[in-house]
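Please open the model in a viewer and keep the sequence at hand.

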Amino acid sequence: MITQKQRRTEKGLCFKHYYKWILCFSLTLYFVASFFVDHDQEDHPSSSLSPSNPLITNPKPKLLSSRAMFESKIHDQRHGFPLQRPNIRTDVFNNLKIYVYDLPSKFNKDWLANERCSNHLFAAEVALHKALLSLDGDVRTEDPYEADFFFVPVYVSCNFSTVNGFPAIGHARSLIKEAIDLVSARYPFWNRTSGSDHFFTATHDFGSCFHTMEDRAIADGVPRMLRNSIVLQTFGVTYKHPCQEVENVVIPPYISPESLRKTQKNIPAAIERDIRVFFRGKMEIHPKNISGRFYSKRIRTEIWRSYGGDRRFYLQRQRFAGYQSEIARSVFCLCPLGWAPWSPRLVESVALGCVPVIIADGIRLPFPSAVRWPDISLTVAERDVGRLGDILEHVAATNLSDIQKNLEDPSVRRALLFNVPPREGDATWQVLEALSKKLNRKHNVTYRIEPVSKELVPVYSLTASPLTSIFTFIIAFKSKITLILFILLYIFLQNRNCYFHLYI
């Protein structure tokens with residue numbers, strides 16, 4: 001018969017005998033395992049992992065022991081983008097680092113089979129991707145663990161309709177969701193912040209709502225999967241709008257720098273601007289189209305009805321391949337809204353020295369810190385279109401020369417163009433500057449890289465729920481937890497009798 005005193009004595013002996021051995025054995029096994037993993041990494045440096053072909057987007061980075069389980073299994077895709085060294089300084093971006101996901105080609109490269117994908121007004125999604133890839137070794141990093149932001153390059157504006165040739169974006173939401181599912185399954189970075197340090201492009205009519213018609217865009221809003229992320233979009237207004245209910249940066253529509261240089265080369269610099277007021281584009285005589293919606297809020301129809309016979313206005317409804325030469329010959333270039341407030345004419349007008357006349361109430365214009373829009377453009381309220389002739393005559397008689405002088409500033413034109421490789425002050429530069437100002441965005445859970453071991457260390461926010469913190473801890477350290485649990489289980493099985501006595 002075992003007495004209570006004997007049982008207590010036996011418990012003490014078990015604890016005394018085993019707790020130090022358990023601790024020492026666990027730590028020894030862990031550090032031995034870590035040594036072999038690290039040693040294996042050192043015997044195979046990252047240079048040997050990178051193919052000799054420089055066109056590969058993101059070779060797999062060197063990962064230390066605590067990061068090995070996160071290594072991506074997404075296969076490398078070779079993009080057919082020429083690698084050029086950018087003419088860009090990176091020290092002004094607070095050491096900003098961006099990782100560009102190397103997605104399968106169906107998300108981006110395959111769309112380039114159609115040449116229009118790289119050159120139409122929505123092609124900023126392509127140009128920015130190419131520009132970021134060219135920043136290898138500068139802002140762009142091949143080590144995702146040192147990245148501040150992650151770019152998910154999905155082209156959604158290159159699905160051109162076989163009926164009318166316009167981009168169809170009905171597939172956009174499903175394609176982006178598929179990319180997010182892939183990234184979140186193969187990498188840890190999306191899940192750790194719910195995508196708040198990831199950014200996307202949305203370069204069509206209503207940006208992150210991914211619809212071409214405003215009523216549908218408002219009804220559906222921003223997809224839930226993107227609401228924590230950053231969206232670079234051409235759509236922007238100064239009032240509350242469902243398509244802006246996401247962290248966003250307004251960027252300019254894409255105009256080919258090569259086409260502008262060609263136009264400028266063919267137009268003598270000293271040529272007189274012989275067109276007073278210019279607009280070429282869609283102006284419906286009957287503004288209510290087949291969908292039952294009123295195009296341009298009837299503004300373009302009102303312009304055509306009011307000034308179609310006015311000799312001061314050169315208004316054309318037909319397409320013309322050389323219309324940029326007409327812009328270069330014009331004093332004022334009308335930039336009325338279409339389905340959405342923004343227009344590629346804004347960029348073309350500024351680049352070719354024509355004063356843009358913006359007719360789109362509440363429009364939010366790109367990069368206001370670099371482009372002082374009030375100094376280089378005119379804004380006419382939609383309700384004042386009937387007085388447009390008088391307004392322009394007043395400007396011509398007063399401060400037109402000042403506006404034209406401001407337009408001659410090359411930094412203003414450069415800020416609205418996407419170059420590959422990027423140049424100091426251009427549109428890509430402005431995007432990087434905007435992102436660098438968002439480095440202090442608050443996340444519930446963030447990560448830092450320790451300078452010595454580069455181990456992934458979780459930093460838990462006080463605002464995060466306990467369940468979220470526990471889950472994140474388990475994900476980050478699951479290999480270590482598994483090891484320790486295995487050791488404890490082994491010891492338990494080997495010492496069943498002792499544990500039995502401890503709990504009776």
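Begin by selecting glutamate 125 together with Val154, Tyr155, Val156, Ser157, Cys158, Thr201 and Thr203, which it touches when residues up to four places away in sequence are not counted; contact means heavy atoms within 4.5 Å. The model is predicted: local features need pLDDT of at least 70 and side-chain atom pairs count only at pLDDT 80 or more, while totals for chains, interfaces and linings use all residues. Residues are numbered from 1 along each chain as its sequence is written, and side-chain values use heavy atoms, with hydrogens and water left out.

Glutamate 125 belongs to helix 3 (residues 124-133); helices (H or I, at least four residues) and strands (E, at least two) are DSSP runs, numbered from the N terminus. Its side chain reaches the backbone nitrogen of serine 157 at 3.1 Å. Glutamate 125 is buried but has no salt bridge, and the nearest side chain of opposite charge, arginine 116, is 11 Å away. Here buried means under 20% relative accessible area (1.4 Å probe, protein chains only), and a salt bridge is a side-chain nitrogen of Lys or Arg within 4 Å of a carboxyl oxygen of Asp or Glu. For charge, Lys and Arg count as positive and Asp and Glu as negative; His and the chain ends are not counted.

Next, select cysteine 117 and cysteine 158, which are joined by a disulfide with an S to S distance of 1.9 Å; a disulfide is a pair of cysteine sulfur atoms within 2.5 Å. Cysteine 117 lies in the loop between strand 1 (98-100) and helix 3, and cysteine 158 in the loop between strand 2 (149-151) and helix 4 (172-186), 41 residues apart. The torsion about their S-S bond is about 75°, so this disulfide is right-handed.

By this rule there are three disulfides. Move to cysteine 209 and cysteine 243, whose sulfur atoms are 2.1 Å apart in a disulfide. The torsion about the S-S bond of this pair is about -115°, so the link is left-handed.

Then select cysteine 333 and cysteine 354, also joined by a disulfide (S to S 2.1 Å). Cysteine 333 is in strand 8, and cysteine 354 is in the loop between helix 10 (345-351) and strand 9 (355-359). Which cysteine sulfur is closest to that of cysteine 335? The closest is in cysteine 333, at 6.6 Å, too far for a bond.

Finally, select phenylalanine 332, whose contacts beyond four places in sequence include Val277, Phe278 and Leu392. Phe332, Leu334, Val357 and Leu388 touch the most other members of the largest nonpolar core, which has 57 residues. Strand 8 (residues 330-336) gives the most to this core, with five residues. A nonpolar core is a set of buried Ala, Val, Leu, Ile, Met, Phe, Trp, Tyr and Cys residues joined through side-chain atoms within 4.5 Å.

Notes. Buried means under 20% relative accessible area, exposed over 50%, partly exposed in between (1.4 Å probe, protein chains only). A polar contact is a pair of N or O atoms within 3.5 Å; within protein, one must be able to donate a hydrogen and the other to accept it, and residues adjacent in sequence count only if both atoms are side-chain atoms.
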